[in-house]
Amino acid sequence: MNISVIDILWFLLAAARWTLLLSAIAFIGGGIGALLLLFLRYARPNIGVRFMNIYVEILQGTPLLLQLFLVFFGLPLLGIDVSPILAAGVALTLYASAFLGEIWRGCVDAIGRGQWEASASLGMKFVAQMRYVILPQALKIAIPPTVGFLVQLVKSTALASIVGFNELIKAGQIVTNATFQPVVVYGLVALIYFCMCFPLTYCARLLERKLSQSR
Amino acid sequence: MTARSNPLPLDANAPMVEMRNVNKWYGNFQALKNVSLSVRKGERVVICGPSGSGKSTAIRCINWLEHHQEGHILIEGVELTPGFKNIDLIRREVGMVFQQFNLFPHLTILQNLTLAPRKVRGIGRQEAEETAMRYLKRVRIAEQAHKYPSQLSGGQQQRVAIARSLCMEPKVMLFDEPTSALDPEMIKEVLDVMIQLAEEHMTMICVTHEMGFARTVADTVVFMDHGEVVEVAPPKTFFSAPKSERTRAFLGQILGH
């Protein structure tokens, strides 16, 4: 059998698209989930705070791999047929909601009470306060840690290989089995991960620097 | 002033603000003890007292930033009750100026002024901006309209905050120590704006240590101590012949040097 490095690379790059797709699903789903948690927390402090705390603690206190297993083996028990991408998408979305929710909560908390009070005393309701006063300010502080988490998320998608999702790691295993060149293959896999993550970390650092200058 | 309606059953004949036997606790600490206060339309009330006397708490209860536990607070005859659904409707009528200005730092001065009229009252952008510029001129700061709050001095920021409240065309203005965070040379420019407002017969309730302002502008001076209203009097009587020993002690401290 004669498989060149270029062939391997093409095969891996094709699988990397799935890694990117899964990352995007988890990030967008997680972002929406986190935003819901955030609104719940500040709109209904009595219920919201407790609910968010429990949710965040459960998801931060258990391994992502376990969450993935529970979704993958649990959803079929509820009669839902799960494909690997669905299981991985759901698990990573839940996971990202918890982490992003917690990151963003910190950013909203960093906005002084005076901003809430001033907007309230102008007659603004909760949603308007969030949308026009609180979130625009929180967003600015939230960008660097959010991008940082996105990098974590991209790397976390590797776990989806275990439930049989054909992303970058899984593709690496397949190629290794065919070529018996683990070092070359996993070296290329590492390189591709790096090429996906480095621009993000670089952006985060740039934004952080820009932000600290503007203060 | 443009005509506008408020869906709440506001009673034009009722006092603008009325507090009856208001009690409030923070845990075991009683911040307000049986506070009663009635403010007529157009009346200018100054609340003074030592720090921790509950004067800020009292004023913050009036627009529900703090909630009282006992007693009654009425705005134009509408009572603020626990679980009050339409607090934003009350707050539209009650302007508030804070010690720390609390301008929105991510918006320009003009945007600070137009945000609530546009999003709360639903006024169009152009009209809101015209109104905003009118009030900015009144507080003598129109040339700063396109700057951000951080580019302005404290005194300028506080004048913008006053203009921002006025843009909602409130029926009563609350001032919570508006000059306490300012450098001495900036106090006058803010007081001048407040005096001008008073001359235009705005109903004002002002927590302040500026006794000169109280003397010249107020119709009524209220002295609070340990959460209680100790004395209510017109400024002349208040400063020349205070009835209570506690008032005399306070005035002695604040005017003594």
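This is a predicted model: local features need pLDDT of at least 70, side-chain atom pairs count only at pLDDT 80 or more; totals for chains, interfaces and linings use all residues.
1. Now for the charged pairs. Two salt bridges are counted between chain A and chain B. One of them joins K125(A) to D88(B), with 3.9 Å between the closest N and O atoms. If you plan to look at that pair, note that the cut-off for a salt bridge is 4 Å.

2. On the extent of the interface, 16 residues of chain A and 21 residues of chain B take part in the contact. Together the two chains bury about 1600 Å², and 65% of this lies on carbon and sulfur atoms. Within chain A, the residues that lose the most area to chain B are S121(A), L122(A) and Y132(A), which together account for 37% of what that side buries.

3. A last point for you concerns the surface of chain A. F194(A), F198(A), Y202(A) and L206(A) make a nonpolar surface patch of about 400 Å². L206(A), one of these residues, sits in helix 8 of chain A, which spans residues 182-213. Is L206(A) buried, partly exposed or exposed? L206(A) counts as partly exposed because its relative accessibility is 42%, and that class lies between the cut-offs of 20% and 50%.

How values were computed
Residues are numbered from 1 along each chain as its sequence is written. Chains are lettered from A and ligands numbered from 1 in the order in which they are written. Side-chain values use heavy atoms; hydrogens and water are left out. Patches are made of residues with over 30% relative accessible area and no salt bridge: like charges are joined within 9 Å, nonpolar side chains (Val, Leu, Ile, Met, Phe, Trp, Tyr) within 5 Å. Accessible areas come from the Shrake-Rupley method with a 1.4 Å probe; for residues, only the protein chains shown count as cover. A salt bridge is a side-chain nitrogen of Lys or Arg within 4 Å of a carboxyl oxygen of Asp or Glu. Helices (H or I, at least four residues) and strands (E, at least two) are DSSP runs, numbered from the N terminus. Buried means under 20% relative accessible area, exposed over 50%, partly exposed in between (1.4 Å probe, protein chains only). Contact means heavy atoms within 4.5 Å. Buried area is the accessible area (1.4 Å probe) that two parts lose on being put together, summed over both.
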